[in-house]
Amino acid sequence: MITFTTNVGDIEIELDFENAPLSAKNFLRYCEEGFYDYTIFHRTIKGFMIQGGGMTAKMKEKPAHAPIRNEADNGLKNTLGTLAMARTDEPHSATSEFFINVADNDFLDHTGRSADGWGYAVFGKVTAGMEVVKKIARAKTTTVAGYDDVPVATITIEKVVINLSSV
């Protein structure tokens with residue numbers, strides 16, 4: 001239902017409104033607003049995940065909407081190809097940033113309602129373009145402006161296309 005056109009290829013995403021309504025609606029809102037256009041995948045870790053949705057190519061954080069409630073208790077798991085909300089140490093701090101799992105990362109799943117147990121809310125999955133995701137995850141990285149695991153060659157989300165017939 002959503003296509004990210006990046007400078008290394010397209011990634012098609014399906015959102016799970018049934019099991020993660022707050023997170024899916026939040027993500028769609030940012031897509032509809034054009035927020036993700038010309039943001040970058042600013043953190044990539046081979047065998048783990050790729051993260052984007054909040055930084056410009058100059059590593060400047062874009063202003064986001066208010067945080068949403070963490071839906072990691074929805075039963076969805078952080079498995080290969082799923083999208084989840086990125087957040088700080090505060091469980092209910094997710095705004096615009098997301099990550100795509102490039103492995104099964106069960107240690108990110110919800111285990112309880114404590115600060116350590118909340119986990120990371122899965123709200124969608126990649127339906128096409130996993131080869132692009134894996135290519136991004138293999139990118140050579142460096143440290144930039146205090147951020148680790150930043151791709152040396154900038155990987156940009158150039159455009160987001162929403163297929164309204166499937167939303």
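Over which ring does the charged end of K62 sit? Keep that one in mind as we tour this predicted model; the legend to View 1 gives the answer.

**View 1. A lysine and an aromatic cluster.** The charged end of K62 sits over the ring of F35, 4.3 Å from the ring's centre. F35 belongs to an aromatic cluster that also takes in F4, F27, Y30, Y36, F41, F98 and F123. Across the structure there are 13 aromatic pairs. F27 comes from helix α1 and F98 from strand β6, so-called distant parts of the chain, 71 residues apart. Both F27 and F98 are buried.

View 2. The charged end of R87 sits over the ring of Y120, 4.2 Å from its centre.

View 3. Follow the eight strands around and they close into a barrel, in the order β1-β2-β7-β5-β6-β4-β3-β10, with antiparallel pairing. On average, neighbouring strands of this sheet are turned by 35° against each other, direction ignored. Zoom in on β2 (residues 9–15) and β7 (residues 122–128), and you will find four bridges joining these antiparallel strands. E14 has K125 of β7 as its bridge partner.

**View 4. Two helices against the sheet.** Helix α1 (residues 21–32) lies across β1, β2, β5, β6, β7 and β10, running at about 50° to β1. Helix α2 (residues 130–137) also packs on the sheet, where it touches β1, β2, β3, β4, β6 and β7, and its direction makes about 115° with that of β2.

View 5. N101 is found in strand β6 and is buried, with a relative accessible area of 0%. Its side chain makes a polar contact of 3.1 Å with the side chain of N78, and another of 2.9 Å with that of T82. Leaving aside neighbours within four places in sequence, the residues in contact with N101 include F48, M49, L108 and M130.

Methods:
Residues are numbered from 1 along each chain as its sequence is written. This is a predicted model: local features need pLDDT of at least 70, side-chain atom pairs count only at pLDDT 80 or more; totals for chains, interfaces and linings use all residues. Side-chain values use heavy atoms; hydrogens and water are left out. Two strands pair if DSSP finds at least two bridges between them. Axes are lines fitted to C-alpha atoms, for helices over the stretch in contact, and angles run from 0 to 180 degrees between N-to-C directions. Contact means heavy atoms within 4.5 Å. Buried means under 20% relative accessible area, exposed over 50%, partly exposed in between (1.4 Å probe, protein chains only). A polar contact is a pair of N or O atoms within 3.5 Å; within protein, one must be able to donate a hydrogen and the other to accept it, and residues adjacent in sequence count only if both atoms are side-chain atoms. Rings of Phe, Tyr and Trp (its six-membered ring) pair if their centres lie within 6.5 Å; planes under 30 degrees apart count as stacked, over 60 as edge-to-face and the rest as tilted. A charge sits over a ring if NZ of Lys or CZ of Arg is within 6 Å of the ring centre and within 35 degrees of the ring normal.
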